[in-house]
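Trainee: I am new to this and would like to learn how to read a protein model. Could we go through it together, one feature at a time?

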Amino acid sequence: MLRSFLVILILTAGCAAAFAKAPKHPDSYAYTRGVEAFNAENYTEAREWFDRELAEHPDNGYAYIYITSMQYADNEFGKALTSANKAIKVLPKKDKEWRAIAYASRSEIHAALQDTVDALADLARAIEIDGTNLKFYGSRAQIYYEQRQYDLSDADYRVIANLDAGDVTGYMGQGRNARDRGQWAEAVAFFDRAIRLEPEFSQAYAFRAEAYVALVRWSEATDDIVKALDIDGNDKAFNLMQELPDEVSDILKSKLKIQMAKQSSNRYWPYCLGIIAMANENYDEAITYFEKANSIDANSVFHEMIAKCYKGKKNYNRALDYADRALAMSPDDYDVIDLKADLFSALGQYDRALE
């Protein structure tokens, strides 16, 4: 959460020196050490240094921005709102970049508090101060999207595309809005553009695959699922591959088998095939694939999946055996411990299940 909240801060602060007219940041010892600790992700130490800085220099708005981000990350929304208000009050008027950051930061707090009116007002103020920061438009477009105000969301995504024609955000956002309207062909066009700009962006393939499924274009859909999985095991594509109709699932499985043959030392492809088989309750087939994945590179997850397959076959003792194998490799995996409790319950061993 901290990194998500601070992406605006980090990107802008990193180029602050490029703005000749921007006021110089404080060079006090506590503030400097706080920034160093923050950049090193030592957030507890950073808060201590910034608290010390503000005790000595209560007009340091930059320190308040850093503290705001850390309070937000700790879900201290009331404190974060107070800190953001103080930052806005004391930041130098001439430092437009950081004043815009302060308003955008406060907007995110308002959004977390489900106060979208104030969140949008602060983003409007941030954009008024600095109309070149893509993140501000992206944040506002997201709020409009969540409110189903797709036309307003599209407008901000178009601004992003106009400000930076090489950024995929504007096209992905418009594609997602088209998807939610049921305009699947239009969505594909936007995702096509994103893929041309960034050919290894797995999310674009996953979203386009979803659109192709809606358009009953099975070949393209399965190609995109495989591509998204191949890039980085995309979660959306991983979920989508389990939801396909049986006749399409067979097409996908054929393509996954080709990947498995091409990348014989990659455990991921037999794992995917096992997941599909398990989703279709083809437990023996799934077990074969999970065992193959485990033979390539042993992992507790494969034992856990095999345990679940045996549970599906109602072979609870065999399932317990594999659950224990999983725990031998990953003793603190509470999903597997929970699975064991279910298995003991199924066997009528309630004391062991309770334990």
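Trainee: Let's start with Phe238 and Tyr271: are they buried or exposed?

Mentor: Both Phe238 and Tyr271 are buried. Keep in mind as we go that this is a predicted model.

Trainee: How many aromatic pairs are there, and how do I read one?

Mentor: The count for this chain is 17 aromatic pairs. To read a pair, look at the distance between ring centres and the angle between planes; planes under 30 degrees apart count as stacked. Phe238 and Tyr271 have ring centres 6.0 Å apart and planes at 15°, so this pair is stacked. Phe238 belongs to helix 14 (residues 235–241) and Tyr271 to helix 16, so the pair ties together parts that are 33 residues apart in sequence.

Trainee: Which residues do ring pairs link into a cluster?

Mentor: That cluster consists of Tyr31, Phe38, Tyr43, Phe50, Tyr62, Tyr66 and Trp98.

Trainee: Which residues touch the most other members of the largest nonpolar core?

Mentor: In this core of 60 residues, they are Ile225, Leu229, Met241, Leu256, Tyr271 and Phe290. Helix 16 (residues 268–279) gives the core its largest share, 9 residues. Take Leu256 as a case: not counting residues up to four places away in sequence, Leu256 touches Val226, Leu229, Trp269, Cys272, Leu273 and Ile276. Another core lies apart from this one; its 37 residues include Tyr31, Tyr66, Ala119 and Ala126.

Trainee: Why is Phe191 called buried?

Mentor: Buried means under 20% relative accessible area. Phe191 has a relative accessible area of 1%, so Phe191 is buried. You will find Phe191 in helix 11 (residues 184–197). Beyond its neighbours within four places in sequence, Phe191 is in contact with Met172, Gly175, Arg176, Ala204, Phe207 and Arg208.

Trainee: Now the backbone: where is Glu41, and what is its phi?

Mentor: Glu41 is in the loop between helix 2 (29–39) and helix 3 (43–56). Its phi is near 65°, a positive value in a residue other than glycine. With 48% relative accessibility, Glu41 counts as partly exposed.

Trainee: What about Val216: where is it, and what is its phi?

Mentor: Val216 lies in the loop between helix 12 (202–214) and helix 13 (218–232). Val216 is not a glycine, yet its phi is positive, about 55°. The cut-off for exposed is over 50%. At 53% relative accessibility, Val216 therefore counts as exposed.

Trainee: Stepping back, how many helices and strands does the chain have?

Mentor: There are 21 helices and 0 strands. The C-alpha atoms fill a box of roughly 70 × 55 × 35 Å along the principal axes. Of the 355 residues in the chain, 47% are buried. Among contacts with a separation of 6 or more, 53% come from residues 24 or more positions apart.

Trainee: How should I read the surface and the charges?

Mentor: The chain exposes about 17,700 Å², and carbon and sulfur atoms supply 48% of that area. For charges, compare mean positions: those of the 42 positive and 56 negative charges are 3 Å apart.

Note on methods:
Residues are numbered from 1 along each chain as its sequence is written. This is a predicted model: local features need pLDDT of at least 70, side-chain atom pairs count only at pLDDT 80 or more; totals for chains, interfaces and linings use all residues. Side-chain values use heavy atoms; hydrogens and water are left out. Helices (H or I, at least four residues) and strands (E, at least two) are DSSP runs, numbered from the N terminus. Buried means under 20% relative accessible area, exposed over 50%, partly exposed in between (1.4 Å probe, protein chains only). Contact means heavy atoms within 4.5 Å. Accessible areas come from the Shrake-Rupley method with a 1.4 Å probe; for residues, only the protein chains shown count as cover. Lys and Arg count as positive and Asp and Glu as negative; His and the chain ends are not counted. The place of a charge is taken as NZ of Lys, CZ of Arg, CG of Asp or CD of Glu. A nonpolar core is a set of buried Ala, Val, Leu, Ile, Met, Phe, Trp, Tyr and Cys residues joined through side-chain atoms within 4.5 Å. Rings of Phe, Tyr and Trp (its six-membered ring) pair if their centres lie within 6.5 Å; planes under 30 degrees apart count as stacked, over 60 as edge-to-face and the rest as tilted.
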